[in-house]
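Look at the sequence and the model first, then read the points below.

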Amino acid sequence: MRTLVVLDAKRLARWHGWLISRLAEDARVELHVSLVEGPAGARPGAALEMLLSGERLLDRRRLSASDRITAAELGHRATAGPFPAGDFDVVLDLTWGVARVPAAGRVIRPTFDGDPSEAALWSALLDRRSPLLGLDLGEAEPRPAALPAVEHPTRLRRSADQVLSRLIQVLAIAALEGPNALPQVPVPCAVKDHTDAGAFAAADFAWRKVVRKAERARSRLLGTRERWRVAWRLAPEGRSHLAGLAPAEVYRTLPDDGQRYFADPFPMLHDGLHHVFVEEVPFQTGRGLISHFTVDASGRATAPRPVLETGHHLSYPQVFAHEGQIYMMPECSASGALDVYRADPFPHRWVPAFRLLDEEVHDATLAVHAGAFYLFASTRDLQSSSWDALNIYRSEKLEGPWQPVSVNPALIDVRESRPAGALYHRDGALWRPAQNCSASYGGSLSLARVTRLDADGFAQELTAELRMGGQPAGHGPHTINWADGLEVIDFLA
């Protein structure tokens with residue numbers, strides 16, 4: 001696959017080198033890199049450069065995707081002057097429209113909010129939001145490819161890292177596998193016209209950054225910082241669905257001692273009693289463990305008790321029964337693997353059973369559909385967030401082997417990717433709760449109807465958003481589950 005990457009010699013950035021390295025790793029690729037001279041005024045303004053330089057110092061010179069580099073740092077020989085002779089299968093035009101590139105079987109140009117300029121990227125980030133990433137493939141309109149997460153909107157370099165990491169991912173997929181392998185098109189969203197990323201925008205960003213830091217310092221000083229809480233309600237009529245959540249006052253909240261928080265509740269009915277497994281994070285250690293409590297027929301709960309602790313942070317403890325055994329699959333992304341534990345005996349002792357994946361995955365959720373097992377999980381790439389991408393794996397057996405469904409990620413959309421609880425069947429369809437992290441982590445829930453799930457592909461249709469009634473916007477719920485008459489959620493308060 002003869003591939004040409006075209007760059008503006010005056011605007012080389014570290015992310016260009018990361019993309020080139022990814023392409024060069026593929027044995028199918030014969031890679032060429034060409035440098036062209038763009039206009040002198042095409043670089044971002046001095047105010048933006050000053051903001052980035054200040055953050056670079058505060059970040060202790062941590063390498064960032066947006067850092068300017070020299071041609072020698074690209075990691076691949078780059079040539080100036082005429083383009084290499086011969087035909088190309090793929091051309092990646094990363095000059096932001098300042099150069100004419102050779103014709104090819106596939107010419108790919110990135111866009112931000114539909115705009116093929118670097119200024120549109122910085123305009124969105126200075127507006128403290130993520131741009132919609134698109135690919136200009138020579139069609140009438142750019143193809144929407146990803147809506148990345150920006151975890152800390154007032155940290156400009158880190159926001160750029162997260163957006164550009166996802167851009168590298170979709171550019172590599174489009175170049176190596178073709179446009180048909182790109183993630184599902186994100187749900188349409190309002191695309192803002194970008195403003196000049198100049199001195200006023202930079203000053204406004206800097207001021208809001210100071211205000212945000214002051215607010216956080218005040219919360220720490222007064223001890224009013226919000227934390228995750230678990231709540232439940234008796235729901236014999238069934239789980240919350242398209243009609244929305246029950247009023248907040250209907251839920252009972254799990255008390256804590258102010259020295260920890262609880263989150264990620266998963267319930268199971270066993271021997272006539274509801275058991276709930278949760279993530280517990282003591283503030284003293286910051287490392288999660290799995291705890292358990294029960295809820296009786298009147299809705300009263302016992303005090304949580306730890307049941308599983310390892311050398312890594314644990315969370316999101318999905319519990320399920322299979323072939324006469326009860327298993328738990330907690331998230332352990334810090335270990336770089338996904339392990340399953342077996343109850344021995346239920347519910348207070350858990351022993352290692354088997355490993356499903358040797359990958360760093362977040363909030364992995366197991367589902368059984370049409371006779372096969374599926375895993376839905378959020379993943380990171382380079383310096384991206386883990387809030388915005390959905391990987392899907394399939395196996396004929398619970399123990400594996402597990403294989404990706406088509407090309408992962410199946411979706412990159414901060415509003416509807418990261419799992420938020422167990423999938424369920426209702427009205428002849430498969431439904432998937434997902435976290436909507438567009439405003440904040442776990443800010444609300446998205447409810448999607450899965451319209452395709454098989455060995456070759458996946459598709460979903462975003463159907464509803466569930467918000468926590470009686471709570472400020474952006475406070476959840478973050479997870480929702482139901483088991484035989486008990487609904488459990490978590491939220492920020």
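The backbone oxygen of Asp-161 lies 2.7 Å from a polar atom of the Ser-165 side chain. The model is predicted: local features need pLDDT of at least 70, side-chain atom pairs count only at pLDDT 80 or more, and totals for chains, interfaces and linings use all residues. Residues are numbered from 1 along each chain as its sequence is written, and side-chain values use heavy atoms, with hydrogens and water left out.

**Ser-165**

- Ser-165 lies in helix H4, residues 156–176; helices (H or I, at least four residues) and strands (E, at least two) are DSSP runs numbered from the N terminus.
- Ser-165 counts as buried because its relative accessibility is 0%, where buried means under 20% relative accessible area with a 1.4 Å probe and protein chains only.
- Leaving aside neighbours within four places in sequence, Ser-165 is in contact with Asp-381, Leu-382, Gln-383 and Ser-384 (contact means heavy atoms within 4.5 Å).

**Aromatic pairs**

- Rings of Phe, Tyr and Trp (its six-membered ring) pair if their centres lie within 6.5 Å; planes under 30 degrees apart count as stacked, over 60 as edge-to-face and the rest as tilted.
- By this rule there are 13 aromatic pairs.
- The rings of Phe-266 and Tyr-316 are edge-to-face because their planes are at 80°, with centres 4.8 Å apart.
- This pair links distant parts of the chain, with Phe-266 in strand E10 and Tyr-316 in strand E14, 50 residues apart.
- Phe-266 is buried at 2% relative accessibility, and Tyr-316 is buried at 0%.
- The rings of Tyr-327 and Phe-354 have centres 5.7 Å apart and planes at 55°, so this pair is tilted.
- Ring pairs also link Trp-15, Trp-96 and Phe-112 into a cluster.

**The second largest pocket**

- The second largest pocket holds about 310 Å³ of space.
- A pocket is an open set of points on a 1 Å grid over the protein atoms alone, with protein on both sides within 12 Å along at least five of seven lines; lining residues have an atom within 4 Å of a point.
- Grid points are joined across faces, edges and corners, and a volume is the space filled by probe spheres set on the points.
- This pocket is lined by 16 residues, and those closest to its centre are Pro-267, Val-319, Ala-422, Trp-482 and Ala-483.
- Strands E10 (260–270), E14 (315–322) and E27 (479–483) each supply at least two residues of the lining.

Definitions and conventions
On a 1 Å grid over the protein atoms alone, a cavity is a set of points where a 1.4 Å probe fits but cannot get out, and a pocket is an open set with protein on both sides within 12 Å along at least five of seven lines; lining residues have an atom within 4 Å of a point. Buried means under 20% relative accessible area, exposed over 50%, partly exposed in between (1.4 Å probe, protein chains only). A polar contact is a pair of N or O atoms within 3.5 Å; within protein, one must be able to donate a hydrogen and the other to accept it, and residues adjacent in sequence count only if both atoms are side-chain atoms.
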